[in-house]
Amino acid sequence: MKKVSRGSIAVNTVLIILSVFWIFPAVFAFIGIFKKKQEYNLGNFWDLPKGINLAENLKGIASAFGMVKGMVNSFLYASVSAGAAVLIAILAAYAISHLKIKRPMFWFLFIYSGTIFPFQIYLIPVYKGLTATKLYDTQLGMILFYTAICVPFCMFVLRNYFLGISKEICESAKMDGCNSLQILGHIFVPMSTAPLAVIFLTQFNWVWNELMFGLTFTKSREIRPVMAAISLMDKANVPVILMACVVASIPTLLLFFLLNKHFEAGYAYQSK
């Protein structure tokens, strides 16, 4: 029987403790969605719900127009922005890693610099830019901004992954008459399914859960993303807010399970 070292026991113990702290908010939210407003406000934090009150809380979400429309908006922003960012990143990473362009490292650092600074510094200049171009509080403005802010990370991941693809494969394809776009489409993209799935999932999840820019660059319910809509809900009715949080997490969970087989394989890009 294999002996377990003290180091492994210590590591597993720490991981279990961290997992409990990580899962606790989700458990708390799940318990809270079964309570009534009065039961939650007047009861104890640790009290279990006295009954099932899902129907009333779901009705509260349905009656909140901002919540429903916010989920539609967030799905639009997250899917289009993440998809466009991945597409742009593919072209940029391929050019920087395998095409003979001038100063590839300069372009890599120039694009990647978008992730170096705190996101808060973008608030005022982007707000002024959206206002000047009449894109403030518009779906197009939000999509353009989210796409731009997602590109650097996607490019960074794909560039590192593309560098691990053998140049001999590209040379062989060129000898067979393939041009650069054909090599990208028939060799690089099929070989990069795993990291593509991972970066799309991570950027979709980030845009979906983003709050700061959603509150700053929108003012109407028709444009506001879901997290901004939840943050503006009635704070007195906590069970409805918890229900809204649980419902808002469903799309990202579904996407994770759909891409799960690629997600685990995608960790390979970290070693590239």
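What you see is a predicted model, in which local features need pLDDT of at least 70 and side-chain atom pairs count only at pLDDT 80 or more, while totals for chains, interfaces and linings use all residues. Residues are numbered from 1 along each chain as its sequence is written, and side-chain values use heavy atoms, with hydrogens and water left out.

First, the overall picture. The protein has 15 helices and zero strands; these are DSSP runs numbered from the N terminus, with helices being H or I of at least four residues and strands E of at least two. Along the principal axes, the C-alpha atoms fill a box of roughly 75 × 70 × 30 Å. Of the 272 residues, 39% count as buried, meaning under 20% relative accessible area, with exposed being over 50% and partly exposed in between (1.4 Å probe, protein chains only).

Now for the pockets. A pocket here is an open set of points on a 1 Å grid over the protein atoms alone, where a 1.4 Å probe fits, with protein on both sides within 12 Å along at least five of seven lines; lining residues have an atom within 4 Å of a point. Volume is the space filled by probe spheres set on the points, and grid points are joined across faces, edges and corners.

How much space lies in the largest pocket? About 440 Å³. Its lining has 13 residues, and the closest to its centre are Ala26, Cys245, Val246, Ser249 and Leu253. Helix 1 (6-32), helix 10 (193-209), helix 13 (238-248) and helix 14 (250-258) each give two or more residues to this lining, and helix 1 gives the most, with four. By class, the lining divides into nine nonpolar, four polar and no charged residues.

The second largest pocket has a volume of about 190 Å³. Among the residues lining this pocket are Gly114, Tyr122, Phe145 and Pro152. Helix 6 (123-132) and helix 7 (139-163) are the elements that give two or more residues, and the largest share, six residues, comes from helix 7. Nine of the lining residues are nonpolar, two are polar and none is charged.

Last stop, back on helix 1.

Conventions. Nonpolar A, V, L, I, M, F, W, Y, C, P; charged D, E, K, R; others polar.
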